[in-house]
Amino acid sequence: MRRLGFFLIALLMAAPAQATEAGWALLREGGHVVILRHALSNGTIDPPNFDIEKCNTQRNLSERGKQQAKKIGALFATRAAPVERVLSSRYCRTLETARLAFGDRVLEEFEPLDSANATSEKELILTEIRDFSGSGNMVLVTQIENINALLDANAREGEAVIVRAEGEGLHVLGRIVFN
């Protein structure tokens, strides 16, 4: 019984590593779309005085999150095909994640990523994903509410979900977990 317990723990610990390696293999091929949840942030909800134009009214990246975003960018640079395009919501934590990871050269603010709960925003995001045909990869940086709305799935802060358009929605191809 004890041996079974150790086996189950080892299996659970290996699953993210296997998912991560399979995700990198996909991204080396290029032509994929990645939905990236922003890096580690302070707190769990935005304050009541939230204003998307003012970073001091929002949750922002923690120091650890800033380091995580830089690590994400370094790993993408060494383990994946080039990132051709980065779309980010206008939330400060998502923009900072995108800038620290990928720089400003390929970064575009994309307002529909602010909130994909409305059908119109969700459709605009899906259209961008369907229309992407690059040889590199495209990254969409957003927050958990949008990942839930688009994928009906969760992602950790700093986790990448590789997707493709399928039918009326998205199909998850792989994941990369950044510690």
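Predicted model: local features only at pLDDT ≥ 70, side-chain atom pairs only at ≥ 80, totals over all residues.
R93 has 2% relative accessibility, so R93 counts as buried. The two residues are 47 residues apart and link distant parts of the chain: R93 belongs to helix α3 (residues 92-102), and D46 to the loop between β1 and α2 (63-79).

Now display the sheet. The sheet is open and has six strands in the order β3-β2-β4-β1-β5-β6, with mixed pairing. Select β3 (107-109) and β6 (169-176) to see the edge strands, each of which pairs on one side only. On average, neighbouring strands of this sheet are turned by 30° against each other, direction ignored.

Proceed to β1 (residues 33-37) and β4 (residues 137-142), which run parallel and are joined by five bridges. Within this pairing, select R37 and its bridge partner in β4, T142. Then show helix α5 (residues 144-151), which packs on the sheet and touches β1, β4, β5 (160-166) and β6. The direction of α5 makes about 140° with that of β1.

Return to the charged side chains; the whole structure holds 13 salt bridges. One of them joins E166 and R164, with the closest N and O atoms 2.9 Å apart. E166 is partly exposed at 41% relative accessibility, and R164 is partly exposed at 39%. Finally, select E53, R90, E111 and D114 together: salt bridges that share partners join these residues into one network.

How values were computed. Residues numbered from 1 in each chain as written. Heavy atoms only, no water. Pairing = 2+ DSSP bridges. Helix = DSSP H or I, 4+ residues; strand = E, 2+ residues; numbered from the N terminus. Axes fitted to C-alpha atoms, helices over the stretch in contact; angles between N-to-C directions. Contact = heavy atoms within 4.5 Å. Salt bridge = Lys/Arg side-chain N within 4 Å of Asp/Glu carboxyl O. Buried < 20%, exposed > 50% of the residue type's maximum accessible area, 1.4 Å probe, protein only.
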